[in-house]
Amino acid sequence: MRANNKHAAPKGRHKNNNRQPTATPDGGLFAALDLGTNSCRMLIARPIGSEFEVVDAFSKPVHLGAGLAEYGTLAPAAIKRTLGALRICGKKLRQHGVKHSRLVATEACRRARNGDSFVNLVKRETGLNLEIIDPAEEARLAVVSCAPHLKDDSDQLLIVDIGGGSTELVWLDLSTVAPKNRARAMVELDLNKRGKAGCEKSACIMDWKSVPLGVATLKDMFHDVDDDCAKFALMSCSFEEQIDEFVPPEIGDGARCQIIGTSGTVTTVAASHLGLARYERCKVDGVSMCKQEIDQVVDKYLSIGPEGRKNAPCIGSDRHELIMSGAAILQAILRVWPSSCLTVADRGLREGLLYSQMTAAGVLGNRPN
């Protein structure tokens with residue numbers, strides 16, 4: 001992600017590029033860091049009207065979860081790689097004088113027996129206060145980040161966040177909320193409050209689930225299967241078994257149900273669908289794909305095989321294995337959920353962290369009429 005990139009905040013759409021930074025008590029910037037199973041990613045941004053503007057960004061594959069499934073701990077080599085990336089993040093935070101930040105770690109640190117020890121090591125070595133968040137908070141942040149892509153006619157919404165170590169699914173009922181208030185209702189979501197009782201003006205959490213299978217963990221489950229197509233089928237069926245009870249029968253044919261997907265898998269599939277020679281966020285973020293179009297992309301991935309995927313535009317050698325486990329998850333969800341289209345969101349925990357911080361600080365403007 002490039003610096004100086006405008007993001008629409010949950011309260012409204014990006015319309016005016018000339019708005020001045022919103023004043024904060026100390027005039028400070030906001031930072032968000034997401035340390036996942038595969039990558040370490042950070043954004044530093046300033047609020048501008050109802051949006052924020054990215055002034056610096058960092059992303060690096062660290063593979064923190066390498067070997068975790070086998071040994072149950074974060075490996076020394078993975079810790080070393082991650083500390084190197086976090087030192088860079090700490091340097092950027094100091095250079096920019098960032099005073100508002102939230103730095104979180106997810107599934108790899110949650111699962112690892114030495115997760116807490118790792119957090120303490122990060123504090124000693126880098127000075128960063130890393131926070132291991134639970135699945136509910138990870139799911140909530142995914143919802144917040146996707147709010148700008150909510151359609152006015154979507155009464156039911158499924159948020160899908162495919163991570164490296166887990167996949168978060170959140171099903172919301174927004175039918176009782178006025179369309180102009182729905183994005184704000186997503187920002188104020190409380191996953192501990194489920195059901196429709198007393199939610200006439202708020203989003204109703206009908207259900208949510210954190211599946212302990214992401215692109216890395218699902219791939220590792222079937223590392224000993226050599227046949228590419230067989231491995232893909234096993235991965236997809238295995239994930240579908242995890243969500244077969246999550247599907248709501250009362251939605252019907254899904255005519256007013258929207259799915260928003262956020263992850264490297266979803267954006268990569270979208271870039272392939274668009275035929276991009278290189279990844280372009282402005283073309284991918286917000287695009288819609290129907291199930292048939294996604295199936296066509298996945299079928300092509302399978303037909304070109306591992307070597308073809310290494311050389312394919314927008315995939316490359318770093319993601320050619322992970323894209324297939326991610327695609328297996330995506331297809332499993334689309335098979336069982338009653339909606340034929342998916343909206344792509346090139347955003348995730350970092351954006352959710354920024355929106356939440358800025359909303360709490362009262363520095364984001366209201367949605368334009």
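Reply: Two strands pair if DSSP finds at least two bridges between them. Helices (H or I, at least four residues) and strands (E, at least two) are DSSP runs numbered from the N terminus. The model is a predicted one, in which local features need pLDDT of at least 70, side-chain atom pairs count only at pLDDT 80 or more, and totals for chains, interfaces and linings use all residues. Residues are numbered from 1 along each chain as its sequence is written, and side-chain values use heavy atoms, with hydrogens and water left out.

Me: Which residue of β12 stands opposite Ile260?
Reply: Strand β10 (residues 257–262) and strand β12 (residues 341–344) run parallel and are joined by three bridges. Opposite Ile260, the residue in β12 is Thr343.

Me: In what order do the six strands of the open sheet lie?
Reply: The edge strands are β9 (204–211) and β11 (288–290), each of which pairs on one side only. Neighbouring strands of this sheet are turned against each other by 20° on average, direction ignored. The pairing is mixed, and the order is β9-β8-β7-β10-β12-β11.

Me: At about what angle does α5 run to β8?
Reply: Helix α5 spans residues 135–146. Axes are lines fitted to C-alpha atoms, for helices over the stretch in contact (heavy atoms within 4.5 Å), and angles run from 0 to 180 degrees between N-to-C directions. The helix lies across β7 (156–162), β8 (167–173), β9 and β10, and its angle to β8 is about 60°.

Me: At about what angle does helix α11 run to β11?
Reply: Helix α11 covers residues 291–311 and lies across β11 and β12. Its angle to β11 is about 80°.

Me: Is Glu137 buried or exposed?
Reply: Glu137 lies in helix α5, and its side chain makes a polar contact of 2.9 Å with the side chain of Arg140. A polar contact is a pair of N or O atoms within 3.5 Å; within protein, one must be able to donate a hydrogen and the other to accept it, and residues adjacent in sequence count only if both atoms are side-chain atoms. Buried means under 20% relative accessible area, exposed over 50%, and partly exposed in between (1.4 Å probe, protein chains only). Because its relative accessibility is 16%, Glu137 counts as buried.

Me: Why does Ser166 count as buried?
Reply: Ser166 is found in the loop between β7 and β8, and its side chain is joined to that of Glu168 by a polar contact of 2.6 Å. Leaving aside neighbours within four places in sequence, Ser166 is in contact with residues including Glu107, Arg110, Asp161 and Ser210. Ser166 counts as buried because its relative accessibility is 2%.

Me: Why is strand β3 described as largely enclosed by the rest of the structure?
Reply: Strand β3 (residues 39–48) runs antiparallel to strand β2 (residues 30–35), with six bridges between them, and Leu33 stands opposite Met42 in β3. Ten bridges join β3 to β4, again antiparallel, and the bridge partner of Arg41 in β4 is Ser59. Strand β3 is largely enclosed because the number of its ten residues that are buried is seven.

Me: Which residue takes a positive phi near 60° in the hairpin of β3 and β4?
Reply: The hairpin of β2 and β3 has three residues between its strands. The hairpin of β3 and β4 has two residues between the strands, and the residue with phi near 60° is Gly49.

Me: How many residues apart are Phe52 and Tyr355?
Reply: Rings of Phe, Tyr and Trp (its six-membered ring) pair if their centres lie within 6.5 Å; planes under 30 degrees apart count as stacked, over 60 as edge-to-face and the rest as tilted. The structure holds three aromatic pairs. Phe52 and Tyr355 form a tilted one, at 5.1 Å centre to centre with 50° between the planes. Phe52 in strand β4 (residues 51–61) and Tyr355 in helix α13 (residues 349–361) thus link distant parts of the chain, and their separation is 303 residues.

Me: Is His63 buried or partly exposed?
Reply: His63 is found in the loop between β4 and α1 (68–71). Its phi is near 50°, a positive value in a residue other than glycine. Because its relative accessible area is 34%, His63 is partly exposed.
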